[in-house]
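Good morning, and thank you for the time. Please look at the model on the screen while I speak.

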Amino acid sequence: MNSSPLKSILVDKTYLDELSNIERKKYLQKVKFLKYIHAEGPQSNASLSNFLNLSLPTSITLINELIEEDLIERKGRGESVGGRKPDLYALKDNSFYILCIDMERFKIKMAIFDNNNNNITGVQSFTFPITQEVTAVNQLYNIAQDLMKASKIDQSKLIGIGVDMPGLVDTALGENYTYLFSGKESKSLKDTLEEKFNKPVFIQNDVKSATLAESRFGLANNKKDVLVLLMDWGVGLGVIMGGKLQNGTSGFSGEFGHIPFVEDGALCYCGKRGCLETVASGIALAKMAKEGIKSGQNSILDKLSDQEIDKIEPQLVIDAANRGDQYAISILADIGIKLGRGIAILIQLFNPELIILGGKMAEAKQYITIPIQQSINTYCMTQMREKVDVVLSKLGQDAAIMGTVGYAIEKILDQQILLAS
């Protein structure tokens, strides 16, 4: 077995074909081992041997080899079950890295994380209006290259790339049918990115990535039935039922913002009229603010220049509300009431124990949560609304990129397990 950390994690079929059956089996055991401790945290030899169905001596041999390969390390001691406390083993910091790309409608955020979710570079933001054209991949690649060079990491340890983005994302096919879509007859977005980066690439919807982060690091941890609403330019929904993220047949579940809400309403960018997003989203908030200021509403926002008003973003309205601006507060309340009405429907459909509000508009805090709760009280059955808590996410605006780290690592290790099986 090659002792290189890279070879212990990411190999190709040619490498595996050169191994004996015994070496190949050991490689498979090691990858399963790494996936288990990545997902579950530090483990004892007894728990690992039980997970892999190995004898204790065989399991400790694998552990010692992975320690020599600089992939895992001793990490304290576990609880005693009658004898001495067992050693615990965990992934070693900086054993390998993932480049994470969080795409929004008008910017991208990038960061490099190690295998223990340590943020190596910090989250870097870049202006990058997302388009329907896949040619934007070239610009995306150039930005990523600059970040990787500046990070000074050992790039041989960069084992893959995770991308989260809005839109109709089919994770199985690696395609986004809303953005960066080159057509059914062309290469998928995943294939295009893998060809460019020469690394495995895994694409996930941004709301589902945020939901995975909430499940692992946030308020949904150890919860069974949770809804996560990401309230940014659009409105997306992540669904955890029975403790598992629900994707739907094509991976498109959770398009909450595109349910019909207003009869013969405004045209939505999805092509339909009257979607919830047209009246209760960051897009709607910016539009309402722009129209109000131009019509003479009294607000601290009217100090903006005409050019600034035309390009107004939800964050400006939220900041104004948090400074006590009554007009900003009033339009946030209007958005919240409409969102609450939609959320009341979700409560009656899914009967969740918890609803987590995240994204940019969650930063409006009580100016969005109070009208949402008032609307839920109006439109939802008493017996169901009394069983659900509606809370603000504690992960902030980087929730999606945090979820992408674990998602990409899990998929890369799954790919290796499949290859070696």
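I begin with the largest nonpolar core, which holds 46 residues, and in which Leu229 and Leu339 touch the most other members. A nonpolar core here is a set of buried Ala, Val, Leu, Ile, Met, Phe, Trp, Tyr and Cys residues joined through side-chain atoms within 4.5 Å. Buried means under 20% relative accessible area, exposed over 50%, and partly exposed in between, with a 1.4 Å probe and protein chains only. The elements giving two or more residues to this core are β11 (226–231), β12 (235–241), α9 (282–294), α11 (314–322), α12 (326–350), β14 (354–358) and α13 (366–379). Its largest share, 11 residues, comes from α12. Helices (H or I, at least four residues) and strands (E, at least two) are DSSP runs, numbered from the N terminus.

A word on the source: this is a predicted model, in which local features need pLDDT of at least 70 and side-chain atom pairs count only at pLDDT 80 or more, while totals for chains, interfaces and linings use all residues. Residues are numbered from 1 along each chain as its sequence is written, and side-chain values use heavy atoms, with hydrogens and water left out.

Which residues does Leu229 touch, not counting residues up to four places away in sequence? Among them are Val235, Leu237, Phe256, Ile343, Leu346 and Ile356, where contact means heavy atoms within 4.5 Å. A second, separate core of 37 residues includes Leu16, Val31, Leu52 and Val405.

I turn to the sheet. It is open, has 5 strands in the order β6-β5-β4-β7-β10, and shows mixed pairing; two strands pair if DSSP finds at least two bridges between them. The edge strands, each pairing on one side only, are β6 (124–127) and β10 (201–205). Strand β5 (residues 107–114) runs antiparallel to β6, joined to it by 4 bridges, and Lys107 stands opposite Thr127 in β6. Helix α7 (residues 189–197) lies across β4 (97–103), β7 (158–165) and β10, at about 140 degrees to β10. Helix α15 (residues 399–420) also packs on the sheet, touching β4, β5, β7 and β10, and makes about 130 degrees with the direction of β7. For these angles, axes are lines fitted to C-alpha atoms, for helices over the stretch in contact, and the angles run from 0 to 180 degrees between N-to-C directions.

Next, the charged pairs. The whole structure contains 19 salt bridges, each a side-chain nitrogen of Lys or Arg within 4 Å of a carboxyl oxygen of Asp or Glu. Lys30 and Glu65 form one of them, at 2.8 Å from N to O. This pair links Lys30 in helix α3 with Glu65 in helix α5 (residues 56–68), 35 residues apart. Lys30 is buried, with a relative accessible area of 0%.

Lys360 and Glu104 form another, with their closest N and O atoms 2.8 Å apart. Lys360 lies in the loop between β14 and α13 and Glu104 in the loop between β4 and β5, so the pair ties together parts 256 residues apart in sequence. Both Lys360 and Glu104 are buried.

Asp398 meets Lys109 in a salt bridge of 3.1 Å, N to O. Asp398 is partly exposed, at 28% relative accessibility, whereas Lys109 is buried, at 4%. A network of salt bridges links Asp102, Glu104, Lys109, Asp232, Lys360 and Asp398.
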